[in-house]
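Have a look at the fold before reading on.

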Amino acid sequence: MSYYNYSWKEIRTWSNRYQSYGVLTSQGGTYEHPRTKHITTVGARCMVHDSVYLGDYVVLGDNVLIYRGCAIGFRVQVRSNSMIGKFTTVGAYSWIGHNVCIGEDCVIEEGCTIGSHVTINGSCRILKGTTIPDYTVVPAFTTWGEGDQR
């Protein structure tokens, strides 16, 4: 017997010429992925592509959109109304604020804090432990922060 509120399921799927999406339940809840057994808390109306890797204890707020090919690390929090573009990696213990837009092919290393209303354009790298303040725009193809340079 499972102690989770809901099981992992795709309520509705659709596809077009370029990509397909798996949609988690619109009511939200706690999910256990059938293959990986990772536990994830998902808010209402989230859309997560079925190729996305979600680490253990990830928390997604309401209306979060995560495109295909993304990897979301251990204990990451993504607050409501945020979007993560294709093939983006978010490191463990990171926190992403409300209304954040992260472009394609970005790397956010572990322990980063992204403030609310931040836009990170495509192919950016946010170094380990970096904090980006609210209402910041990170230009495309940049490296941000003074993270651990080992």
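## Strands, core and charged pairs

Strand β12 (residues 89-90) runs parallel to strand β15 (residues 107-108), and 2 bridges pair them. Strands here are DSSP runs of E with at least two residues, numbered from the N terminus, and two strands pair if DSSP finds at least two bridges between them. Within this pairing, V90 has I108 in β15 as its bridge partner.

A word on the model: it is predicted, so local features need pLDDT of at least 70 and side-chain atom pairs count only at pLDDT 80 or more, while totals for chains, interfaces and linings use all residues. Residues are numbered from 1 along each chain as its sequence is written, and side-chain values use heavy atoms, with hydrogens and water left out.

Zooming out, β12 and β15 belong to an open sheet of 6 strands with parallel pairing, ordered β6-β9-β12-β15-β18-β21. At its edges are β6 (53-54) and β21 (143-144), each pairing on one side only.

Next comes the core. The largest nonpolar core holds 29 residues, and L60, I66, I72, I84 and I120 touch the most other members. Such a core is a set of buried Ala, Val, Leu, Ile, Met, Phe, Trp, Tyr and Cys residues joined through side-chain atoms within 4.5 Å. Beyond its neighbours within four places in sequence, I120 is in contact (heavy atoms within 4.5 Å) with residues including C101, C106, I108, I126 and V138.

How many salt bridges does a search of the whole structure find? There are 2, counting a side-chain nitrogen of Lys or Arg within 4 Å of a carboxyl oxygen of Asp or Glu.

| Salt bridge | Closest N and O atoms |
|---|---|
| K86 with E104 | 3.6 Å |
| E109 with R125 | 2.6 Å |

E109 sits in the loop between β15 and β16 (113-114) and R125 in strand β18 (residues 125-126), 16 residues apart. For accessibility, buried means under 20% relative accessible area, exposed over 50%, and partly exposed in between (1.4 Å probe, protein chains only). E109 is buried at 17%, whereas R125 is partly exposed at 37%. In the other pair, K86 is buried at 19% and E104 is partly exposed at 39%.

Finally, the cysteines: a search of the whole structure finds 0 disulfides, taken as cysteine sulfur atoms within 2.5 Å. For C101, the nearest cysteine sulfur is that of C106, 9.1 Å away. C124 also has C106 as its nearest, at 4.9 Å between sulfurs. C124 is buried at 2% relative accessibility, while C101 is partly exposed at 30%.

Note on methods
Helix = DSSP H or I, 4+ residues; strand = E, 2+ residues; numbered from the N terminus.
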